[in-house]
Amino acid sequence: MEFNATLIGEAIAFAILIALTVKFVWPPLINAIEERQRKIEEGLEAADRARKELADADSRAADEIKQARAEAAAIIERANQQATQIVDKARTDALLEASRQKAAAQADIESMAHRARAELRAQVATLAVAGAEKILGREVNADTHKALLDELVAGI
Amino acid sequence: MSAEAGGENFTQYIQHHLTFWNAPLTQTGGMASIHVDSIIMSVVLGGIFFVWFWWFARRATSGVPGKGQAFVELALEFVDGQVKDAWHGSRKVLGPLALTIFFWILFMNLMDVIPVDFIPTAAEATGAAHFRPVPTADVNTTFAMSLTVLLLSLFFGMRAKGIVGYFKGWVSAPFTAKGILMKIVLAPFNILMALIEHITQPVSLALRLFGNIFAGDLLFMLIAGLLTHFLSLWFPLGILGYAVWSIFELLIILIQAFIFMYLAVTYIAMAQQQH
């Protein structure tokens, strides 16, 4: 164990080396490491955020699709109802029209039959007078037998 | 070569390898002299450490690091983690201090596993009378470091607590009392404890490193000496022994560098902690 001035020399060298490391080596390296750690942290956060946003967008899209489907179904439903309504209305209209026309036709027929019967009645009186003249061989005065004729006509 | 002559040469060989390149600073020499070999080796190795780290620190990027930067960062983060365990305050000085201690000691210790004759032979060819290439096998180097650590612990302790507050810690701990009388009675014991603590810390720190590396170095010398001076008998065993001891010594080198770093950080952290 030979102690001598080497100790002082080595202590100075050690002190200088520490000072150099404190000043020139440590700060840039530790800064780079911490900066990188921060970057990685930010990157991970961004990835998480993006994943969450993607999930949100997915669920939103699914929601919108569901809603659109529901709307489409409602529209179709309404269209179907309208179509049914239109068809129903057309049917009732047609039925109404038909019955109206039928009633009109029946009225026509009735009035025609009535007229025909009236004509027939008028002709029956004439025919009966003509028939009676033939049978009696003489002119029958329609006025004298008017009561009889009227009774006959009424009997038809 | 007779065994006796071989033995004499062997002793000379070991003694030669144990002698420093001593340069007296004054006529009388003695304490006022310097071990040129220790100074040269430690400065060169410290320079290699600094230039290596500084090279990558200068172009350090926070983006994707290159292989060199990644390795340097790995070393730095390892040291930083150790310091973080021992001290929870700022690591602006303690971190680089630990890094310097670890790598400087590691590099100086590593000179141990370079075959014992390589560097001395090269140095002696350029004019040195003796050359010991392992600076940590020189008590001056290890004590220089441990005493610097002691000074730093005093400095940081006083900076953290104030000069009065720091020495109050010397007087009032580890033995504590409530009454003022008991405090005065216990004060001398506390001062004695503090003195012992502050003497044993640097001495144990320095001697542990010195002893381990000196012993390893000496064993290499012995194996190499046996190899060269008792050739026929020792050569195969010597080669094997040298290889085995190199592997074992690598472990010691690493562990001693780590222990010195860890204890230095612990001592400085302890000086700053509030009791």
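Predicted model: local features only at pLDDT ≥ 70, side-chain atom pairs only at ≥ 80, totals over all residues.
Helix 2 of chain B contributes M41(B), S42(B), L45(B), G46(B), I48(B) and F49(B) to the contact. Helix 4 of chain B contributes F103(B), W104(B), F107(B) and M108(B). By class, the residues of this contact are eight nonpolar, two polar and no charged.

Helix 6 of chain B passes helix 8 of chain B in a right-handed crossing. On the side of helix 6 of chain B, the contact is made by V139(B), T142(B), F143(B), S146(B), L147(B), V149(B) and L150(B). On the side of helix 8 of chain B, the residues are H198(B), Q201(B), P202(B), L205(B), A206(B), L209(B) and F210(B). Ten residues of this contact are nonpolar, four are polar and none is charged.

These pairs belong to a chain with nine helices and two strands. From the N terminus, the elements of chain B follow the order α-β-β-α-α-α-α-α-α-α-α. The C-alpha atoms of chain B fill a box of roughly 80 × 55 × 40 Å along the principal axes. Chain B has 275 residues, of which 35% count as buried. Among contacts in chain B with a separation of 6 or more, 66% join residues 24 or more positions apart.

The largest nonpolar core holds 64 residues. The members that touch the most others are L29(A), A98(B), I101(B), F102(B), W104(B), I105(B) and A264(B). Two or more residues come from helix 1 (6-136) of chain A and from each of helix 2, helix 3, helix 4, helix 6, helix 8 (180-229) and helix 9 (231-272) of chain B. Helix 4 of chain B gives the most to this core, with twelve residues. With neighbours within four places in sequence left aside, F102(B) is in contact with V79(B), A257(B), F258(B) and M261(B).

The contact between the chains takes 39 residues from chain B and 28 residues from chain A. On the side of chain B, two or more residues come from each of strand 2 (33-35), helix 2 (36-58), helix 3 (67-86), helix 4 (94-110) and helix 6 (139-161). Helix 2 of chain B gives the most to this side, with ten residues. The side of chain B that touches chain A comprises 23 nonpolar, twelve polar and four charged residues.

Chain A also has a packed helix pair. Helix 1 of chain A and helix 2 (residues 146-155) of chain A pack at an angle of about 130 degrees, with axes 9 Å apart. That angle makes helix 1 of chain A oblique to helix 2 of chain A. Helix 1 of chain A passes helix 2 of chain A in a right-handed crossing. R121(A), V124(A), A125(A) and A128(A) in helix 1 of chain A meet L149(A), L152(A) and V153(A) in helix 2 of chain A. Six residues of this contact are nonpolar, none is polar and one is charged.

Technical notes
Residues numbered from 1 in each chain as written. Chains lettered and ligands numbered in written order. Contact = placed C-beta atoms within 7 Å. Helix = DSSP H or I, 4+ residues; strand = E, 2+ residues; numbered from the N terminus. Nonpolar A, V, L, I, M, F, W, Y, C, P; charged D, E, K, R; others polar. Core = buried A, V, L, I, M, F, W, Y, C linked by C-beta atoms within 7 Å. Buried ≥ 20, exposed ≤ 12 C-beta atoms within 10 Å, placed from the backbone. Left-handed = near helix turned anticlockwise from the far one by under 90°. Axes fitted to C-alpha atoms, helices over the stretch in contact; angles between N-to-C directions. Parallel < 35°, antiparallel > 145°, perpendicular 65-115°, else oblique.
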